[in-house]
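The following note sets out numbered points on the model shown below. Please read each point beside the coordinates.

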Amino acid sequence: MLRKNKILIFKYFLNLINGAFLVLGLLFVGFGTWLLLDRNNFLTALDENNHFIIHISQILVGMGSAIVLLCLLGYLGINKEILWLLILYAVLLVFAFAVQAIVSALIFTKKEEVYQLWHDKIDLIISEYGSKDKPEDIPKWMILNALQKTLKCCGQQNYTDWIKNKNKENSEQVPCSCTNSTLGKWFCDEPLNATYPEGCDSKISTWYDVNALTLSGINLGLLASEILQVSLIISYFRHIKNRIYVEM
């Protein structure tokens with residue numbers, strides 16, 4: 001009876017952690033699909049050929065699908081007490097641990113490349129912003145407006161970045177999104193003290209640093225849960241194996 005209770009406890013905790021992984025996998029698949037289909041996100045403005053977005057989406061969908069498949073194998077192995085599936089589940093969890101660690105390292109090491117991509121593209125968007133000859137770029141301008149309005153920033157470094165724009169009626173104008181104005185125009189005549197003083201570069205860098213710490217914490221939690229899951233599987237495997245020998 002005692003052995004049976006231990007096995008039920010192992011099943012409960014294994015299914016609990018496995019369920020959390022399943023939800024995570026579905027979130028990855030959903031977010032990757034949304035990123036690929038949504039044409040109005042900020043990454044679209046940075047990557048007009050969509051190569052960058054497609055790569056990120058494929059990684060997210062691939063990781064999510066692999067996690068979902070892994071969880072289904074784990075569910076069968078845990079509840080049906082199939083020993084070879086439990087072994088496969090444990091091995092795949094170790095592999096997922098290694099892949100996750102590598103992907104996490106890449107996210108941090110690629111920060112400078114993403115920053116350079118942002119810097120080059122936003123320079124181009126700022127120079128062409130509001131041009132009557134480029135109506136196809138309106139979605140990019142609207143995304144930039146949303147970014148400046150949400151983060152309360154103006155330009156890359158500050159409002160002087162908009163001097164290079166030649167589509168204004170006069171040199172003193174700035175985008176309405178650089179101010180508290182609610183006018184539905186590209187440019188507004190606002191005094192400098194009504195313009196957001198900080199550039200979007202510093203705002204995004206601060207946002208990244210804060211969220212990088214959060215992501216690191218989540219990542220460490222996931223890695224710890226994977227180690228816990230593997231240790232529980234090993235103990236569960238031993239109990240099932242011992243029970244089979246006793247019954248024989």
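1. Basis of the note. This is a predicted model, in which local features need pLDDT of at least 70 and side-chain atom pairs count only at pLDDT 80 or more, while totals for chains, interfaces and linings use all residues. Residues are numbered from 1 along each chain as its sequence is written, and side-chain values use heavy atoms, with hydrogens and water left out.

2. Overall architecture. The chain holds seven helices and two strands, in the order α-α-α-α-α-α-β-β-α from the N terminus. Helices (H or I, at least four residues) and strands (E, at least two) are DSSP runs, numbered from the N terminus. Of the 248 residues, 35% are buried; buried means under 20% relative accessible area, exposed over 50%, and partly exposed in between (1.4 Å probe, protein chains only). Among contacts (heavy atoms within 4.5 Å) between residues at least 6 apart in sequence, 69% join residues at least 24 apart.

3. Nonpolar cores. A nonpolar core is a set of buried Ala, Val, Leu, Ile, Met, Phe, Trp, Tyr and Cys residues joined through side-chain atoms within 4.5 Å. The largest has 19 residues, of which Leu93, Ile233 and Tyr236 touch the most other members. Two or more residues each come from α1, α3 (51-80), α4 (83-109) and α7 (200-247), and α1 gives the most, with six. A second, separate core of 13 residues includes Ile122, Cys154, Phe187 and Tyr196.

4. Leaving aside neighbours within four places in sequence, Ile233 is in contact with Leu14, Leu86, Tyr89, Ala90 and Leu93. Gln229 is found in helix α7 and counts as buried because its relative accessibility is 0%. With the same exclusion of neighbours within four places, the contacts of Gln229 include Phe13, Ile17, Asn18 and Phe21. Gln229 and Ile17 are 212 residues apart in sequence, yet 7.0 Å apart in space, C-alpha to C-alpha.

5. Helix α6. Gln148 is found in α6 (residues 138-151). The 14 residues of this helix should span 20 Å at 1.5 Å a residue, and its end C-alpha atoms are 20 Å apart, which agrees; the expected span is 1.5 Å times one less than the number of residues. Gln148 counts as buried because its relative accessibility is 1%. Beyond neighbours within four places in sequence, Gln148 is in contact with several residues, among them Cys153, Trp162, Pro175 and Tyr196. Lys152, which follows α6, has a positive phi, near 55°.

6. Salt bridge. The structure holds one salt bridge, defined as a side-chain nitrogen of Lys or Arg within 4 Å of a carboxyl oxygen of Asp or Glu. Asp123 pairs with Lys164, the closest N and O atoms being 3.1 Å apart. The partners are 41 residues apart, with Asp123 in helix α5 (residues 111-128) and Lys164 in the loop between α6 and β1 (174-175). Asp123 counts as partly exposed because its relative accessibility is 25%; Lys164 is partly exposed at 36%.
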